[in-house]
Amino acid sequence: MNPALLRSQFKTVLLASVALFIAVILVMYPEQAVKSSLRGLHIWWDVVFPALLPFFITAEMMMGFGVVHFLGVLLEPLMRPIFRVPGAGAFVMAVGLISGNPMGAKLTARLREQNLVSKEEGERLISFTSTAGPLFIFGAVAVGFFENKSVGLILAVAHYISAFIVGFSMRFYEKQATPTPPPGIKKGFILTRAMAAMHRARIQDGRTLGQLIGQSVTSAIQTLLLIGGFIMMFSVLTHLINYVGVTAPLLKGISNLLTFFSFPPELSESILAGLFEITVGSQVASSVDPSVPMLYKLAIVSLIIGWNGLSIHAQIASMISRTDIRYYPYFAAKILHGFLAALITILIFPFFKHSLQNDTTILSVFHPVTSPGAFSVWGILQGFAATVTLIWFLALVYQETKAVTESFRYNKTR
């Protein structure tokens with residue numbers, strides 16, 4: 001028999017068996033299913049919906065007004081040399097970093113639908129723009145679970161640095177793929193060109209302000225309903241498979257693996273929970289026995305947040321399903337992201353130890369501090385912004401100098 005046909009039939013049987021198993025445990029434990037579904041509903045309605053709705057609406061409107069094309073021209077010298085994605089990817093990166101998952105995937109799919117990125121560029125872009133948002137890291141994890149806002153500094157630094165390392169690493173993915181051509185006209189000052197590109201995009205879009213707002217709200221609500229469905233489904237699934245004891249062998253394997261790497265085996269439950277959902281996994285890690293050193297807890301939480309959880313993986317796969325962007329590069333990138341974040345957490349932990357032990361040194365994580373040895377998000381953001389601006393300026397000077405030189409050579413040979 002054809003091997004391809006056998007693999008296809010096996011996949012069919014496997015998927016049908018999983019669906020049947022889920023249906024059976026739902027019927028057997030209806031009370032547990034309802035409770036876990038309500039828990040997922042509360043998470044979506046109380047946290048996810050109000051946090052993401054404004055970003056979804058604003059992002060749709062900005063795309064309609066041509067802001068993506070403006071940034072595409074302006075940041076082309078920065079994004080293409082470093083990440084091998086067009087300048088329009090800077091819009092996805094900025095909004096994704098601010099609002100968190102799954103905004104990066106949604107905007108990447110929109111760029112692909114508008115042919116602003118190629119298939120390979122979309123796969124690179126989604127690998128490092130699908131990150132957890134600051135609101136989740138500082139609000140839910142640091143303050144809500146660990147009751148220590150200094151924890152957020154460690155997790156955020158590790159998470160975002162590892163995301164950029166993943167993005168830089170993915171530039172070597174599919175090196176032979178044909179890139180998207182740079183934005184049109186190269187003559188004139190770059191800011192003028194960016195404004196012209198934004199104006200052309202708005203005219204080509206053609207929608208009035210009322211139409212754009214209405215369609216942006218409709219699209220945002222539809223996306224959030226999809227996200228809510230995934231959150232509730234995985235909330236039920238995670239609770240029920242733990243309730244019936246299916247995960248016991250997997251838990252034993254994770255415990256042995258942690259012991260092999262000299263990590264406390266008590267953290268195995270948090271890893272198993274984080275495999276499915278990052279919020280639950282982070283909460284379980286924070287509530288582990290206080291005798292477990294904070295370093296190990298934070299390393300595991302960084303691993304979980306970098307991995308994203310199967311719940312978010314399902315949301316990402318759903319959003320890119322209407323494009324030709326493949327899921328597997330994202331899957332591999334998230335594994336790399338998780339391990340890099342855990343490693344960076346271990347490396348930077350000594351630098352934040354003073355602030356962690358004496359949390360009162362940081363009155364607000366978004367304001368400067370004067371006490372020695374203390375860190376603040378504001379200071380980190382200032383340094384990061386200054387570095388990015390300098391890199392962009394040097395890349396812009398190089399690109400403009402190269403264009404002038406090529407123009408001079410062309411005129412000289414005529």
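Biologist: Which helices do the buried residues of α6 pack against?

Modeller: This is a predicted model, and in it ten of the eleven residues of helix α6 (residues 103–113) are buried, so α6 is largely enclosed by the rest of the structure. Those buried residues are M103, G104, A105, K106, L107, T108, A109, R110, L111 and R112. The helices they pack against are α2, α3 (67–74), α5, α7, α11 and α16 (309–320).

Biologist: Where is P102, and what is omega of the peptide bond from N101 to P102?

Modeller: P102 sits in the loop between α5 and α6. Most peptide bonds are trans. The bond from N101 to P102 is cis, with omega near -5 degrees.

Biologist: Which residue with a positive phi follows α6?

Modeller: Most residues other than glycine have a negative phi. After α6 comes a residue with a positive phi, near 60 degrees, and that residue is N115.

Biologist: Are α2 and α5 roughly parallel or antiparallel to each other?

Modeller: Two packed helices are described by the angle between their axes and the distance between the axes. For helix α2 (residues 30–64) and helix α5 (residues 89–99), the axes come within 11 Å and cross at roughly 170 degrees. An angle over 145 degrees counts as roughly antiparallel. The two helices, α2 and α5, are therefore roughly antiparallel.

Biologist: How many residues of the contact of α2 with α5 are nonpolar?

Modeller: From α2, the residues L52, F55, A59, M62 and M63 meet F91, I98 and S99 of α5. By class, one residue of this contact is polar, none is charged, and the nonpolar residues number seven.

Biologist: At what angle do α5 and α7 pack, and is their crossing left-handed or right-handed?

Modeller: The axes of α5 and helix α7 (residues 119–129) are 10 Å apart, at an angle of about 20 degrees. That makes α5 roughly parallel to α7, because angles under 35 degrees count as roughly parallel. The angle is about 20 degrees, and the crossing of α5 and α7 is right-handed.

Biologist: Which residues of α7 does α5 meet?

Modeller: On the α5 side, the residues are G89, V92, M93 and G96. The contact of α5 with α7 has four nonpolar residues, three polar and no charged ones. On the α7 side, the residues are L125, F128 and T129.

Biologist: How far does α11 reach from its first C-alpha to its last?

Modeller: Helix α11 (residues 209–243) has 35 residues, and 51 Å is expected for it at 1.5 Å a residue. Its reach in the model is close to that, at 51 Å.

Biologist: How are α13 and α14 arranged?

Modeller: The axes of helix α13 (residues 268–276) and helix α14 (residues 278–286) come within 6 Å and cross at roughly 165 degrees. That makes α13 roughly antiparallel to α14. Their crossing is left-handed.

Biologist: How many charged residues are in the contact of α13 with α14?

Modeller: E269, S270, A273, G274 and F276 in α13 meet I278, V280, G281, V284 and A285 in α14. The contact residues include six nonpolar and three polar, and the number charged is one.

Biologist: How far apart in space are A248 and E269?

Modeller: A248 belongs to helix α12 (residues 248–260) and is partly exposed, with a relative accessible area of 46%. A248 and E269 are 21 residues apart in sequence. In space, C-alpha to C-alpha, the distance is 9.9 Å.

Biologist: Is S262 buried or exposed?

Modeller: S262 lies in the loop between α12 and α13 and has a positive phi, near 65 degrees. Exposed requires a relative accessible area over 50%. At 57% relative accessibility, S262 therefore counts as exposed.

Biologist: And N308, buried or exposed?

Modeller: N308 is in the loop between α15 (294–307) and α16, and its phi is also positive, near 90 degrees. Buried requires a relative accessible area under 20%. With 1% relative accessibility, N308 therefore counts as buried.

Biologist: What share of the residues of the protein count as buried?

Modeller: The secondary structure of the protein comes to 18 helices and zero strands. Of the contacts with a separation of 6 or more, 75% are between residues 24 or more positions apart. Among the 414 residues of the protein, the buried share is 48%.

Terms used: Residues numbered from 1 in each chain as written. Predicted model: local features only at pLDDT ≥ 70, side-chain atom pairs only at ≥ 80, totals over all residues. Heavy atoms only, no water. Helix = DSSP H or I, 4+ residues; strand = E, 2+ residues; numbered from the N terminus. Expected span 1.5 Å × (residues − 1). Axes fitted to C-alpha atoms, helices over the stretch in contact; angles between N-to-C directions. Parallel < 35°, antiparallel > 145°, perpendicular 65-115°, else oblique. Left-handed = near helix turned anticlockwise from the far one by under 90°. Contact = heavy atoms within 4.5 Å. Nonpolar A, V, L, I, M, F, W, Y, C, P; charged D, E, K, R; others polar. Buried < 20%, exposed > 50% of the residue type's maximum accessible area, 1.4 Å probe, protein only.
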